[in-house]
Amino acid sequence: MGFFDGMSVLVTGGGRGIGRAIALAYASEGADLFITSRTEKELKEVSEEIKSRGVKGGYYVCDISDPKQVEKMVDEANKFMGKVDILVNNAGIFIMSEAKDMSINEWQMIINVNLNGMFYCTHFVLPGMIERRFGNIINISSMAGKKFYLKQSAYVASKFGVVGFSKTLAAELRPYNIKVHVICPGGVDTQLVKQHNFPPGSTIKPEEIADVVLFLTKQRREITIDEVMIRRIGADPF
Ligand code: NDP
């Protein structure tokens with residue numbers, strides 16, 4: 001018996017990194033999972049790992065920056081699991097460039113995935129949650145959603161946007177028993193930040209973010225933890 005037996009969880013960017021760790025953590029505690037990203041090979045591998053834990057593990061290839069694909073993806077998630085109780089808006093991209101050197105295409109890509117994609121997923125999942133008067137939405141922002149970093153203007157803009165969206169959404173959804181949480185991690189040891197070259201020992205493990213996500217969704221319905229900042233001690237004084 002697991003804490004999340006009977007619960008249905010949708011994780012965007014579930015094929016690797018933080019999303020994979022979150023999906024496997026929920027599966028280990030009894031939830032059914034549906035994961036999405038653009039890389040089928042990764043989704044397939046993670047869905048096998050999910051199923052080996054004795055729960056349902058489905059996937060759908062989707063670019064979350066395209067609302068039409070997101071509508072279909074959420075439809076498939078609802079068909080596969082019967083409902084979505086927990087939505088983890090995790091998929092994201094990172095490009096390092098000074099604003100003066102950034103192309104229009106790079107700017108649009110970051111905003112379309114990190115901010116617009118998060119809205120599209122939320123938009124299509126919400127009607128079911130509102131109807132059932134139950135849900136948790138976890139949005140993965142970043143320390144770059146709390147302070148600026150040089151050469152990251154588009155990323156910072158997208159992640160500040162995620163924090164602002166999450167806070168407003170949390171207040172709007174309180175009457176419907178839907179909780180919204182935003183997590184702002186410092187450097188996490190994944191493919192996304194390879195260009196960063198974080199010094200050894202300065203990053204968090206994806207599994208440590210997963211622990212926090214599960215903790216947030218284990219709280220009693222009458223309390224909520226809206227925002228969490230998490231980073232390796234000493235790595236980024238703030
Ligand atoms: P990874 O690159 O390891 O994983 C990102 C995931 O998002 C992949 O599964 C990727 O799959 C998916 N993804 C990217 N673009 C799209 C898209 N257009 N449509 C659907 N899926 C997409 O990065 P992390 O695990 O590190 O990042 C996860 C989240 O955590 C991101 O939002 C990131 O900004 C945030 N974060 C990361 C930090 C870090 O230091 N690593 C720190 C703070 C926040 P695919 O490419 O196949 O589509």
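**Entry 1: before starting**
I am working from a predicted model.

**Entry 2: α4 and α5**
I began with helix α4, residues 104–132, and helix α5, residues 153–173. I found their axes 8 Å apart, at an angle of about 15°. Angles under 35 degrees count as roughly parallel, so I noted α4 as roughly parallel to α5. I have the crossing of α4 and α5 down as right-handed.

Next I looked up who touches whom. From α4, the contact residues include W107, I110, I111, M118 and F119. On the α5 side I listed, among others, Y155, K159, V162, F165 and L169. Sorted by class, the α4 contact with α5 comes to 15 nonpolar, five polar and one charged residues.

**Entry 3: the ligand**
How many residues surround the ligand? I have 29 of them, and the closest are R38, T39, Y155, V188 and T190. Y155 was already in my notes, as one of the α5 residues that meet α4.

I then went through some polar contacts. For D63, a polar side-chain atom sits 2.9 Å from a ligand nitrogen. K159 has a side-chain N or O atom 2.9 Å from an oxygen atom of the ligand. K159 is also among the α5 residues in contact with α4. For T190, I noted 2.5 Å between a side-chain N or O atom and a ligand oxygen.

**Entry 4: α3 and α4**
Back to α4, this time with helix α3, residues 67–81. Their axes come within 9 Å and cross at roughly 40°. That makes α3 oblique to α4, and I marked the crossing as right-handed. P67, V70, E71, M73 and V74 of α3 make the contact with Y120, C121, F124 and V125 of α4. My class tally for α3 with α4 reads eight nonpolar, no polar and one charged residues.

**Entry 5: α1 and α6**
Last pair for my page: helix α1, residues 17–28, and helix α6, residues 206–216. I read a crossing of roughly 50°, with the axes coming within 8 Å. I therefore wrote α1 down as oblique to α6. The crossing of these two, α1 and α6, is right-handed.

Which residues of α1 and α6 meet? From α1 I listed G17, I18, A21, I22, A25 and Y26. Their partners in α6 are P206, E207, I209, A210, V213 and L214. By class, I noted ten nonpolar, one polar and one charged residues in the contact of α1 with α6.

Definitions and conventions:
Residues numbered from 1 in each chain as written. Predicted model: local features only at pLDDT ≥ 70, side-chain atom pairs only at ≥ 80, totals over all residues. Heavy atoms only, no water. Axes fitted to C-alpha atoms, helices over the stretch in contact; angles between N-to-C directions. Helix = DSSP H or I, 4+ residues; strand = E, 2+ residues; numbered from the N terminus. Parallel < 35°, antiparallel > 145°, perpendicular 65-115°, else oblique. Left-handed = near helix turned anticlockwise from the far one by under 90°. Contact = heavy atoms within 4.5 Å. Nonpolar A, V, L, I, M, F, W, Y, C, P; charged D, E, K, R; others polar. Near = heavy atom within 4 Å. Polar contact = N/O pair within 3.5 Å; in protein donor to acceptor, adjacent residues only side chain to side chain.
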